[in-house]
Each structure stands twice: as structure tokens, then as C-alpha cells.
Amino acid sequence: MNINPNEKLAELNTAMTGFIEKERKQISDMQRQLDAIDTKSQMQHSNYGADPVQNIVRALQDDSDFQSLARNGKGRSVVEVKDLLGIEAKAAITSTGIVTPSLLTGIGSTGRQALRLRQVIPNYQTDGASVFYVREAAFTNSASPQEEALAKAESAFTFTGVTTAVKTIATWTSASVQVLQDAVSLQRHIEGSLIWAIERKLELEMISGDGTGEHLSGLVTNATAFTTSLLGSGVWNKADVIRRAIQQQEAVGYDVNVIVLNPADWADIELAKTTTYEYVAGNAFQVLPRVLWGKQVVVTDQITSGTFLCGDSNAASLRVRMDSTIDLSDSHSDYFTKNLIAIRAELRAALCIERPAAWLYGSLTTSPA
């Protein structure tokens, strides 16, 4: 069978022409639709740029590649629509700019240091509004070698019964319902920060609460005073003071297993140098344990700079009625109608100091008497 090449080429040309005309008609129809959208947009939005659809229409009309495509039925047109749609400038934003559709999970570390004093003192649950406990006020040790058949020497204890009320430490803040729904990580951040706030206040109360009103009676308030004469008249530094304080406690039979220092004072101790400018406590490229004279150091800014507290952690205890708790409610003022939520952090606890003499408090800077 003979095939005429010219006839075949003519058929192919006719087919291609029909295809191109079809595509051109579709593009022409698209153009008319865009023109109609543009006209409608101009009628509805007198301010150009206020409507994303209008922005896209104008961009297509101004794009030479698109116009060439519409005329010739071939080519390529690329139009960036992110800015035209207003994704960055006009995205749906809730809660006054806090939450956007691209909100990432997590809000980042707060950088807040862990609280330590509560961790080294025994914690127990209590189920009452107050706690009664026995405090050792004095102990006379009469132990001695004994002769056979003679009466043994009698030691003497002085105890006092102490009733201490469970104290409440609390704080609160508010947030919108929308932000708590749309930004779960922000809610966790708020709750975590409130917990940190009341735990921080608890630490302050445990250290130096004066016992008046709703304040705890803290360790400093009940501790024995440091005898500064132990330092002698020579040169001494802050580490020397701590060592003499340990000596003072050991001399009367008390153990010291924890030292509480302000960050400024702990830094001074760590930065101590020899006469050849070498660090006494290792160097700046080591991870140094928070230990001084073999005793654990609690570093907290809730103790006054220039002072110290040391003692036996087992000579006191925290009796917890309600541990740190978060409550959320719209039952405050007109919060229900405003879609606001009150977020409250609260704890209830009592500090029991069974042996006050086991704790020692003093100054790191006062010259010896």
C-alpha cells in the first residue's frame, strides 16, 4: 500500500491547527472570565489591593508572559500569589497577633532555673488545715562510761508541741478562650510559668518567711546564728566562713549536708584564684559540681546576697496539703461574656522545723567580732 507523504503531512497539519485553535479558544475563554472577575472586583472594592482576587487579576493582566500565552496559545507564565493573597499581611490572626496559621509548636525555653531547696528537704502529704508536730528544743547528753551495778546517767530532752497552719501561695492571670484553643503550647507556657512563680515564692518563704500573717516561719527565722569569732583575726574568704560554720555545727553534734547560697556568692567562691591566677575550683572549661567542703550547695537568689544558710536537711520537712495546681475558669466577673479564662496557680503547705538548732545562718562579709 502506497502512502502519499504530502497527504499525510496535510492531515497532520490540519489536526495540529485544530488542536491549537481549541487551546486558544480555551485560553480566550479564561481571559474573558478573568475580565469579568476584574470588573466585579472593581465594583465591589474601590480600594485597589484590598481584595486578593483583584490583585491576582491585575497581576495576570500585567504579566507579559500570560498575555503572550493568551494570544499565541503557547509559552509559560509564572505569577507569585503569596503576596497577592495577603498571606503575610492579611492572614487570619487571632488573639491580637499571638496566633497565626503558621504557629510553631512550643514557645521555647523560659531559661528559668530549677528550684532546689524543696528537693533536698523531705516532703510529706498532710490532710488538715494545720499541722501539729513535736520540736526538739534542747538535748542534754549525759552518756558516760558506767560502773557495774550503779545507776546510769540520765540524758534529758526538752520538747515543745508546735501547731503550724497550712499556708496558701497562689497567683493568677487571664487569657482569651481563643488563644488557649489555638495555641496549646502558649497555654502550657502560661501554666508552667505560674507554677514556677508560686514555687519560687515557696522557696523564699521556706528560707526567710517571718511567720507573721500568712507567711511561713522559715529556716533563717529559726536558725542558730553563726559565731563569727570562729574566723579569727586573719585573712578569710567566703569559703572559709562556710567551713567554720560547718565546724560550729559539728562541734555540737549536728550534721551539715546542705548549704544555701546566693548566685553572686557562689560565683565568688567558684572564681577564687591562686596567687598565680589559676582557678582554685578547677577551670572554666569543666562542669563543676555544686559541692563545697563535701556538702551539696543549693544556689538560689531567694536568699539574700552576702548571707548563707546551712544545716541538716532532715531536721525540717515540708507538709503538703495541696501540691502546685492549675485551675481554669470563666466564672470571674464578666469573663464568660468576654470569652476570657482565669488561670490560677495555687499550692498549700506548712513548713515544720523539728530541730531548729540543726540549721545555722550568718553573714559572709561581716568581720569577726
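# Briefing: nonpolar patch, aromatic pairs, open sheet and salt bridges

Phe-157 has a relative accessibility of 48% and therefore counts as partly exposed; buried means under 20% relative accessible area, exposed over 50%, and partly exposed in between (1.4 Å probe, protein chains only). The structure is a predicted model, in which local features need pLDDT of at least 70 and side-chain atom pairs count only at pLDDT 80 or more, while totals for chains, interfaces and linings use all residues. Residues are numbered from 1 along each chain as its sequence is written, and side-chain values use heavy atoms, with hydrogens and water left out. Helices (H or I, at least four residues) and strands (E, at least two) are DSSP runs, numbered from the N terminus.

**Nonpolar surface patch**

- A nonpolar patch on the surface is formed by Phe-132, Val-134, Phe-139, Phe-157 and Phe-159, which together have about 550 Å² of accessible area.
- Patch members have over 30% relative accessible area and no salt bridge; like charges are joined within 9 Å and nonpolar side chains (Val, Leu, Ile, Met, Phe, Trp, Tyr) within 5 Å. Accessible areas come from the Shrake-Rupley method with a 1.4 Å probe, and for residues only the protein chains shown count as cover.
- Strand 2 (130-140) and strand 3 (156-165) each contribute at least two residues to the patch, and the largest share, three residues, belongs to strand 2.
- Phe-159 is located in strand 3 and is partly exposed, its relative accessible area being 48%.

**Aromatic pairs**

- There are three aromatic pairs in the structure. Rings of Phe, Tyr and Trp (its six-membered ring) pair if their centres lie within 6.5 Å; planes under 30 degrees apart count as stacked, over 60 as edge-to-face and the rest as tilted.
- Phe-157 and Phe-159 make a stacked pair, with 5.4 Å centre to centre and 5° between the planes.
- Phe-226 and Phe-308 make an edge-to-face pair, with 5.7 Å centre to centre and 75° between the planes.
- This second pair links distant parts of the chain, 82 residues apart: Phe-226 lies in the loop between strand 5 (224-225) and helix 8 (238-250), and Phe-308 in strand 9 (residues 307-311).
- Phe-226 counts as buried at 9% relative accessibility, and Phe-308 counts as buried at 0%.

- Four strands, in the order 1-10-11-4, form an open sheet of mixed pairing. Two strands pair if DSSP finds at least two bridges between them.
- The edges are strand 1 (123-125) and strand 4 (167-176), each of which pairs on one side only.
- From one strand to the next, the twist averages 30°; axes are lines fitted to C-alpha atoms, for helices over the stretch in contact, and angles run from 0 to 180 degrees between N-to-C directions.
- Strand 4 and strand 11 (residues 340-352) run antiparallel and are joined by 10 bridges. Ile-169 stands opposite Leu-347 in strand 11, and Lys-167 stands opposite Ala-349 in that strand.
- Strand 10 also pairs with strand 11 in the antiparallel sense, over 10 bridges, and Met-322 stands opposite Arg-348 in strand 11.

**Salt bridges**

- The structure holds 10 salt bridges, each being a side-chain nitrogen of Lys or Arg within 4 Å of a carboxyl oxygen of Asp or Glu.
- Asp-323 and Arg-118 form one of them, the closest N and O atoms being 2.9 Å apart. Asp-323 in strand 10 (residues 317-329) and Arg-118 in helix 4 (residues 117-120) are 205 residues apart, and the pair links distant parts of the chain.
- Asp-323 is partly exposed, with a relative accessible area of 36%, whereas Arg-118 is buried, with 16%.
- Arg-200 and Asp-301 form another salt bridge, with the closest N and O atoms 2.9 Å apart. Because Arg-200 lies in helix 6 (residues 184-208) and Asp-301 in the loop between strand 8 (295-299) and strand 9, this pair ties together parts that are 101 residues apart in sequence.
- Both partners are partly exposed: Arg-200 has a relative accessible area of 24%, and Asp-301 has 37%.
- Glu-346 and Arg-344 meet through their side chains in a salt bridge (3.3 Å, N to O). Glu-346 counts as buried at 17% relative accessibility, whereas Arg-344 is partly exposed at 38%.
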